[in-house]
Amino acid sequence: MKRILLAVTIMSFLVLCANNILHSVHAIEGEDPGIQLSKKTRRILSAEMNAIQNGLTSMAIALPAGKWNEIAEIAKKMNMTYIMKKKLTKKQLDKFYKSVPEGYRVMDSDFYEYALTLSRAAMDHDLEQVTQLFYKLNESCVKCHSKY
C-alpha cells in the first residue's frame, strides 16, 4: 500500500512537471522576450529540458521498484547536465548564464544540487531522502517553469 501511494504521488508530480516543461519549451523557443538566446542555445536548452523530463520519468518508474543504481545514475547525469555542458563551449555557457535572470541561476543551481544529493542518497538506499529529493527536483521544475 505504501509503495502504491508513493507511486501515485510521484506520477502526480511528473504530470505537473511535464506540463510545465512543455509550457516552458514554448517560452524558450521565443515567446519570452526577456531572455535572449541564440537559436543554437535555445535548441540545446530545449533538448536538455526534454532529457531531464525523460530522466524524471525513468526515475519515477525506478523508484517504486527500488532500482537504486538506476536512480543514482540518472540523478548523477542530471547533476552533470545531459547536453548543455557537452554541446556548448565554456564561453557559450558563460554567455547563457549571463543572459538569464539571477532567479533562474539560483533555481538552476538548486536543481543540480538536489540531483547530486539524490544520487548519493540512492547509493545509500535511503528511500526517505530519495523521495524528498525527487519531490524537490520536480518542485524546482514547476517553480522555475512557472516563473520563466
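## A turn of helix H5

How many residues apart are Asp 94 and Lys 90 in helix H5? They sit four residues apart, so about one helical turn lies between them. Their side chains form a salt bridge, with 3.3 Å between the closest N and O atoms. Asp 94 is partly exposed at 33% relative accessibility, while Lys 90, at 62%, counts as exposed. Keep in mind throughout that this is a predicted model.

Let's step back to the whole chain. Its secondary structure comes to seven helices and zero strands, and reading along the sequence gives the pattern α-α-α-α-α-α-α. Of the 148 residues in the chain, 43% are buried. Take the contacts between residues at least 6 apart in sequence: 72% of them join residues at least 24 apart. As for the surface, the chain exposes about 8,600 Å², and carbon and sulfur atoms supply 58% of that area.

Confidence averages a pLDDT of 83 over the chain, with 77% of the residues scoring at least 70. Where is confidence lowest, and where is it highest? Helix H1 (residues 2-31) has the lowest mean, 52, and helix H3 (residues 68-80) has the highest, 96. Over residues 21-33 the pLDDT stays under 50, and the model has 18 contacts beyond four places in sequence for that stretch. Where pLDDT is low, the predicted coordinates should not be read in detail.

## Aromatic pairs

Now for the rings. A pair of aromatic rings is described by the distance of the centres and the angle of the planes. The count here comes to four aromatic pairs. One of them joins Tyr 104 and Tyr 148: the ring centres are 6.0 Å apart and the planes stand at 80°, so this pair is edge-to-face.

What does the pair tie together? Tyr 104 belongs to helix H6 (residues 102-123) and Tyr 148 to the segment after helix H7 (127-147), so the pair links parts that are 44 residues apart in sequence. Tyr 104 is buried, with a relative accessible area of 9%, and Tyr 148 is buried too, at 17%.

Phe 111 and Tyr 112 make another edge-to-face pair, 5.3 Å from centre to centre with 90° between the planes.

A search of the whole structure finds three salt bridges; the Asp 94 and Lys 90 bridge from the opening is one of them. Another brings together the side chains of Glu 102 and Arg 105, at 2.7 Å from N to O. Both residues are in helix H6, three residues apart, so they too are separated by about one helical turn. Glu 102 is partly exposed, with a relative accessible area of 49%, and Arg 105 is partly exposed as well, at 28%.

Then there's the bridge between Glu 139 and Lys 143, where the closest N and O atoms are 3.9 Å apart. That value falls within the 4 Å cut-off, so the pair counts as a salt bridge. Glu 139 and Lys 143 both lie in helix H7, and their spacing of four residues is about one turn of the helix. Glu 139 counts as partly exposed, at 28% relative accessibility.

## A positive phi at His 125

One backbone detail deserves a look. His 125 has a phi near 55°, a positive value in a residue other than glycine. Where is His 125 placed? You'll find His 125 in the loop between H6 and H7. With 48% relative accessibility, His 125 counts as partly exposed, because that label runs between 20% and 50%.

Definitions and conventions:
Residues numbered from 1 in each chain as written. Heavy atoms only, no water. Phe/Tyr/Trp six-rings, centres within 6.5 Å; stacked < 30°, edge-to-face > 60°. Helix = DSSP H or I, 4+ residues; strand = E, 2+ residues; numbered from the N terminus. Buried < 20%, exposed > 50% of the residue type's maximum accessible area, 1.4 Å probe, protein only. Contact = heavy atoms within 4.5 Å. Areas by Shrake-Rupley, 256 points an atom, 1.4 Å probe, with all protein chains shown as cover. pLDDT = per-residue confidence, 0-100.
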